[in-house]
Amino acid sequence: MKLRTLVRDALYLNWALPAGSLPPPPEPLRYQVLGEGDEGQWMFASVLLFRQEGVRLSSFPLVRFSYPQMNLRLYVVDADGVPSVYFREMLIPGWVLPAMRLVAEQPACSARFDYPEPSRDPAAEAWRWSVERPGSSRRHGRLEVTARRAAPQAGAVPRLGNWEETVRFFRERPRGYTFAGEQLRRIETEHPAVPVWPLAAQVADASFLERVVPIAGGWPALHSAWLCPEIPFVFDLALVPGVDLDATLARQPAATSTRSCA
C-alpha cells in the first residue's frame, strides 16, 4: 500500500549512544554500530518532530488529512544488510489514531503537540517544540526542545564525516521497520535531496525518552540537529514474512518491542 505526503518543518534530533546501552532490536534487525579504538563503539537514535501534510493513498488521491507527529527511531541494519530505521515509538494526535491503525496499520499512541512553523518564519531568533502524552506528565514524561539556526555542528565522536555525510547517514535509509499486530512491517521510502538548516538545539525536558528507553546515566547531549523545511515523501508498507512478534519477545527483553499507550 503506497501513501504520499508532504512533511513540513521536520526537526531532526540525533544522539550517539554507547554500544550496548539499548535493549536489542527485534530480529532480524541489528544495530548499526560505528567507531573503534579510543573513541569506543556507538549506536544511534533520533527523534523527529514534524507535520504530515496532505496524507493520501495513491488509489484515493482526493482524500487527504494533515497532522503533527513525533517518532523515536533507532538506526539498524536489516537481514539484507540495508541501513534502516526501527521505529521504537510513534506519537500522533488522538483523532488520527483510528485512521493510522486501520489504514496504515501502524502502532502509535496519542499525544498533545505544540509545534512552531519555522519555514513560515525563518528569521525568528529561536523556535520551541513540546510533546506530551495525555494524563499525568509525571507518568508519561514530556519532550521539550528549543532550537535556532546556526553553523553546522556535530559531535566529534563518533566521526561520521563532514556535515553533508553526517546528514546522509541519518536521512538516506530506504527502509523502516515497525510492528503491526504480530508481524514486523517494512516501510519502503524515497529520500529526495532537500534543503537542510543546521541548528543549535537544546533539550529542556527529555523525561519522555528516559521513560520509554531508560539509559544508565540518562540520555547524553545531542550529537547533531537540523531542520528540513519541506520533504516530499512517498512510502510503501509491506509485511516482512516469517517474523513473529510473540516468538521475538520470547527471546528478548519486554521493553524491546512492546508499546503501551496506557
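Reader: Helices (H or I, at least four residues) and strands (E, at least two) are DSSP runs, numbered from the N terminus. Where is the place of Ser207?

Author: Ser207 is in helix H4. Keep in mind that this is a predicted model, where local features need pLDDT of at least 70 and side-chain atom pairs count only at pLDDT 80 or more, while totals for chains, interfaces and linings use all residues. Residues are numbered from 1 along each chain as its sequence is written, and side-chain values use heavy atoms, with hydrogens and water left out.

Reader: Is Ser207 buried or exposed?

Author: Ser207 counts as buried because its relative accessibility is 13%. Buried means under 20% relative accessible area, exposed means over 50%, and partly exposed is in between, using a 1.4 Å probe and protein chains only.

Reader: What does its side chain reach?

Author: The side chain of Ser207 reaches the backbone nitrogen of Arg142 at 2.8 Å. That is a polar contact: a pair of N or O atoms within 3.5 Å, where within protein one must be able to donate a hydrogen and the other to accept it, and residues adjacent in sequence count only if both atoms are side-chain atoms. Apart from neighbours within four places in sequence, Ser207 is in contact (heavy atoms within 4.5 Å) with Gly141 and Arg142.

Reader: New topic. How many aromatic pairs are there?

Author: Eleven aromatic pairs. Rings of Phe, Tyr and Trp (its six-membered ring) pair if their centres lie within 6.5 Å; planes under 30 degrees apart count as stacked, over 60 as edge-to-face and the rest as tilted. Trp15 and Trp219 form an edge-to-face pair, 5.1 Å centre to centre with 85° between the planes.

Reader: Which parts of the chain does that pair link?

Author: Distant ones: Trp15 is in strand S1 (residues 2–18), and Trp219 is in the loop between helix H4 (207–212) and strand S13 (224–244), 204 residues apart. Both Trp15 and Trp219 are buried. Trp163 and Trp226 form another edge-to-face pair, at 5.6 Å centre to centre and 85° between the planes. This pair also links distant parts of the chain, with Trp163 in helix H3 (residues 163–171) and Trp226 in strand S13, 63 residues apart.

Reader: Why do Trp163 and Trp226 count as buried?

Author: Trp163 counts as buried because its relative accessibility is 14%. Trp226 is buried because its relative accessible area is 0%. Trp163 and Trp226 also belong to one aromatic cluster with Tyr12, Phe44, Tyr75, Phe169 and Phe170.

Reader: What lies over the face of Phe169?

Author: Arg173, at 4.6 Å from the ring centre. A charge sits over a ring if NZ of Lys or CZ of Arg is within 6 Å of the ring centre and within 35 degrees of the ring normal. The charged end of Arg149 sits over the ring of Trp197, 3.9 Å from its centre.

Reader: Back to H3. Which of its residues are buried?

Author: Trp163, Thr166, Val167, Phe169, Phe170 and Arg171. At the start of H3, a side-chain oxygen of Asn162 comes to within 3.2 Å of the backbone nitrogen of Glu164.

Reader: And the largest nonpolar core, which members touch the most others?

Author: Of its 40 residues, Val47, Leu49, Met70, Trp129, Leu209 and Trp219 touch the most other members. A nonpolar core is a set of buried Ala, Val, Leu, Ile, Met, Phe, Trp, Tyr and Cys residues joined through side-chain atoms within 4.5 Å. A second, separate core has 28 residues, including Tyr12, Ala16, Val194 and Cys228.
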